[in-house]
Amino acid sequence: MFTYLTAGESHGPGLVAVVEGLPAGMGFSVDDLRHELARRRLGYGRSPRMGIEKDEVEVIGGIRHGRTLGSPVAVVIRNTEHDEKWSEEMSPHRGEPKRRMTTPRPGHADLAGMVKYDTHDARNILERASARETAARTVVGYLAKTLLGYLGIAVFSHVVEIGKVRVPPGPVPEPDDLTDIDASPVRCFHPASAAQMEAEIQAARDAGDTLGGVVEIVATDLPTGLGSHVHWDRKLDARLAHALMSVQAIKGVEIGDGFDQARTSGSMAHDEIVVANHGGLGRETDRAGGTEGGMSIGGRLRVRAAMKPIATVMKRLRSVDVDSGEPTQAFFERSDICAVPRAGVVCEQVVAIVLAQEAQRMFGGDTIEDLIAAHERYRGRITDF
Ligand SMILES: Cc1cc2nc3c(=O)[nH]c(=O)nc-3n(C[C@H](O)[C@H](O)[C@H](O)COP(=O)(O)O)c2cc1C
């Protein structure tokens, strides 16, 4: 399985992603990567800061003439406003910051991080805790999606709830619907709900408040058997939950109809096994969301992630200055009103990473051709079922 590391602070010179263990021969396009990074900036309710954060990409290793070499892929995303505005404050050289941030913001990593890392400057913590880091994970996600594409697997997301607005039950979108989803200001496939979501965000903005919501991540055409029941850390649903919970502000994960399943009886909660039209085995329902026993059951995967409302609110939350011990209000800087549409794009990346890692663990190979051949052989074998 490939592994990866990311490094870099929100206002540092840049972010770095290093991915080790990808097969050789996979296609790579800087333009396609830029497009994926731009998708992370989509959505109504963004802070003006997102306009400032342009992603300037430089490939440092692992790619030659548009193909992976099998060596570690390293990509730097430069922070275009670092040199002008942040080089002094974020300097790696000896010295002291001009302004320390001594008031931790509730709902952020600030206070626990200040205690743990023994600092009275919240910036030492918030710079890395910031969701800007997800730009580096989007680089890894782009590579993962590329690998999955060779196996005919697509991963995308759409917004199903913002604030009190909820998309009514209906058909799950298909990969071809992604252009329409991305064109929606709230990345919602249901136009009537999308309009209500926009109004909800505008109302929160007017009230000086913020909103959370729920995104659904869908992967299509999975082979049966990604992940495994044999050990806790190989279970696909567990790995997906871990990956999604690692995204900033995600506080709940649901596989398939997870919470609704818990509220119904056993005879109604499961996907019965039937003889399908093609003569093989099939399912008529999709309650489990495409996993059983820690393995994909073949076909579509459906996972939901709940994002809490942004903690940086104009109605300032109470906090305490750690230098003086005096009660005060949390620091406010330009911030999103609702980042749910963008969080969906980030959730796609982390789901794609888990699926691509599990596909690689299952089918192996040092070249993408070897991986494709092993995958085809396996698909051929399981047609018996
Ligand atoms: C795409 C995305 C954008 C975010 N934008 C903001 C933001 O503008 N302002 C903010 O306060 N938090 C934002 N967050 C959430 C914080 O990064 C997160 O709540 C904080 O780091 C604390 O981590 P935790 O909520 O996971 O405990 C964003 C999260 C994501 C996924």
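Colleague: Glu127 and Arg123 both sit in helix α5; by how much of the helix are they separated?
Modeller: In this predicted model, the two residues form a salt bridge whose closest N and O atoms are 2.6 Å apart. Both Glu127 and Arg123 are buried. Because they are four residues apart in helix α5, the separation comes to about one helical turn.

Colleague: How many residues apart in sequence are the parts that Asp182 and Arg39 tie together?
Modeller: Asp182 and Arg39 form a salt bridge, with 2.6 Å between the closest N and O atoms. Asp182 belongs to helix α7 and Arg39 to helix α1, which covers residues 30–39, so the pair joins parts whose distance in sequence is 143 residues.

Colleague: Which residues are linked with Arg39 and Asp182 in a network of salt bridges?
Modeller: The search of the whole structure finds 29 salt bridges. One network includes Arg39 and Asp182, and the residues linked with them are Glu36, Lys145, Arg187 and Glu348.

Colleague: Where is Lys164, which pairs with Glu200?
Modeller: Glu200 forms a salt bridge with Lys164, and their closest N and O atoms are 3.9 Å apart. The pair links distant parts of the chain, 36 residues apart: Glu200 is in helix α8, and Lys164 is in the loop between β7 and β8.

Colleague: Is Lys164 buried or exposed?
Modeller: Glu200 is buried because its relative accessible area is 18%. Lys164 has a relative accessible area of 76%, so this residue is exposed.

Colleague: How far apart in space are Gly163 and Gln202, C-alpha to C-alpha?
Modeller: Gly163 is found in the loop between β7 (154–162) and β8 (165–166). With a relative accessible area of 32%, Gly163 is partly exposed. Gln202 is 39 residues away from Gly163 in sequence, and their C-alpha distance in space is 11 Å.

Colleague: With the side chain of which residue does the side chain of Glu161 make a polar contact?
Modeller: Glu161 lies in strand β7. It counts as buried because its relative accessibility is 19%. At 3.2 Å, the side-chain partner in the polar contact is Arg166.

Colleague: By how much does the protein cover the accessible area that the ligand has on its own?
Modeller: An oxygen atom of the ligand is 2.8 Å from an N or O atom in the side chain of Lys308. A nitrogen atom of the ligand is 2.7 Å from an N or O atom in the side chain of Ser335. Of the 630 Å² that the ligand has on its own, the protein covers 85%.

Colleague: How many charged residues are in the shell around the ligand?
Modeller: The ligand is surrounded by 17 residues, the closest being His108, Ala249, Lys308, Thr312 and Ser335. By class, eight residues of the shell are nonpolar and five are polar, and the number of charged ones is four.

Colleague: How far apart in space are His108 and Ala129, C-alpha to C-alpha?
Modeller: His108 lies in the loop between α3 (82–86) and α4 (110–116). A backbone N or O atom of Ala129 lies 3.4 Å from an oxygen atom of the ligand. His108 and Ala129 are 21 residues apart in sequence, and in space their C-alpha distance is 8.0 Å.

Colleague: What is the area of the nonpolar surface patch made by Ile273, Val275, Leu281 and Phe385?
Modeller: Phe385 lies in the segment after α13 (368–381). It counts as exposed because its relative accessibility is 60%. Together with Ile273, Val275 and Leu281, Phe385 makes a nonpolar surface patch of about 470 Å².

Note on methods. Residues are numbered from 1 along each chain as its sequence is written. This is a predicted model: local features need pLDDT of at least 70, side-chain atom pairs count only at pLDDT 80 or more; totals for chains, interfaces and linings use all residues. Side-chain values use heavy atoms; hydrogens and water are left out. A residue is near a molecule or strand if one of its heavy atoms lies within 4 Å of it. A polar contact is a pair of N or O atoms within 3.5 Å; within protein, one must be able to donate a hydrogen and the other to accept it, and residues adjacent in sequence count only if both atoms are side-chain atoms. Accessible areas come from the Shrake-Rupley method with a 1.4 Å probe; for residues, only the protein chains shown count as cover. Ala, Val, Leu, Ile, Met, Phe, Trp, Tyr, Cys and Pro count as nonpolar, Asp, Glu, Lys and Arg as charged, and the others, Gly among them, as polar. Patches are made of residues with over 30% relative accessible area and no salt bridge: like charges are joined within 9 Å, nonpolar side chains (Val, Leu, Ile, Met, Phe, Trp, Tyr) within 5 Å. A salt bridge is a side-chain nitrogen of Lys or Arg within 4 Å of a carboxyl oxygen of Asp or Glu. Helices (H or I, at least four residues) and strands (E, at least two) are DSSP runs, numbered from the N terminus. Buried means under 20% relative accessible area, exposed over 50%, partly exposed in between (1.4 Å probe, protein chains only).
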